[in-house]
Amino acid sequence: MSKDFYNAVKDRRSFYGISKESTVSDTRLQEIVNDAVKYAPTAFNSQSGRVMVLLGGHHDKLWDLTKEELRKLVPPENFSSTESKIDSFKNGYGTVLFFEDQSVVESLQRQFELYKDNFPVWSLESGGMLQYIVWTALELEGFGASLQHYNPLIDSSVSREWNIPSNWKLLAQMPFGKPTASPDEKQFQPLDFRVKFLK
């Protein structure tokens, strides 16, 4: 890794220009995802995060399925821009699918009645942290990535195609690949409006 953590946090952006090239081996990709899943924090150490990495034809199939689901909803005269957007994700090397195991959440709700309403929220927070760890780790390895949310539109198609357990709830899709274009400059609100530092 050529960057430190703080620079990776600063440089992690939504990259929409990506190619089917990889910056690391598939073995290294698996190590990144395995470590993220293993070490991402979860409420009550519930370890509810689930991940599926789609490469090659599996990756292409995901975005073909997504395009066909959108074709049912988007008027034909407006579909060209939608198709271009989906194709930009398909142009990538792979996609990480993020899920949360609802059977784990429901089990915790039964065990700890006092916190019953909190567990779905904590599950989403854990899922967000896992997504961020993977995204930043991919940045460290020279990938460009973005986070997409075509769920629940594609849930049934994804579940059928890859035999996803019914208790896995799809949260997000992260297409990634070698960057082919830089993101636009990011604008920031003043930090004194967003942060209170008391001492």
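Glu-68 is partly exposed, with a relative accessible area of 39%, where partly exposed denotes the range between buried (under 20% relative accessible area) and exposed (over 50%), computed with a 1.4 Å probe on protein chains only. The structure is a predicted model, in which local features need pLDDT of at least 70 and side-chain atom pairs count only at pLDDT 80 or more, while totals for chains, interfaces and linings use all residues. Residues are numbered from 1 along each chain as its sequence is written, and side-chain values use heavy atoms, with hydrogens and water left out.

Because they stand three residues apart in helix H3 (residues 56-71), Glu-68 and Arg-71 are separated by about one helical turn; helices (H or I, at least four residues) and strands (E, at least two) are DSSP runs numbered from the N terminus. Arg-71 is likewise partly exposed, at 39% relative accessibility.

Ten salt bridges are found in the structure. Among them, the side chains of Lys-178 and Glu-21 meet at 3.8 Å, N to O. Lys-178 belongs to strand E5 (residues 168-179) and Glu-21 to the loop between strand E1 (18-19) and helix H2 (26-39), so that this pair ties together parts 157 residues apart in sequence. A further salt bridge joins Arg-50 and Asp-101 at 3.0 Å, N to O, and links strand E2 (residues 49-55) with strand E3 (residues 94-101), the two residues being 51 apart. Arg-50 is partly exposed at 21% relative accessibility, whereas Asp-101 is buried at 6%.

The whole structure contains 15 aromatic pairs, counted where the ring centres of Phe, Tyr and Trp (its six-membered ring) lie within 6.5 Å, with planes under 30 degrees apart classed as stacked, over 60 as edge-to-face and the rest as tilted. Trp-63 and Tyr-150 form an edge-to-face pair, 6.0 Å centre to centre with 85° between the planes. Since Trp-63 lies in helix H3 and Tyr-150 in the loop between strand E4 (144-145) and helix H7 (155-162), the pair ties together parts that are 87 residues apart in sequence. Trp-63 is buried at 0% relative accessible area, and Tyr-150 also counts as buried, at 13%. One aromatic cluster comprises Phe-44, Phe-112, Tyr-115, Phe-119 and Trp-122.

Key
Salt bridge = Lys/Arg side-chain N within 4 Å of Asp/Glu carboxyl O.
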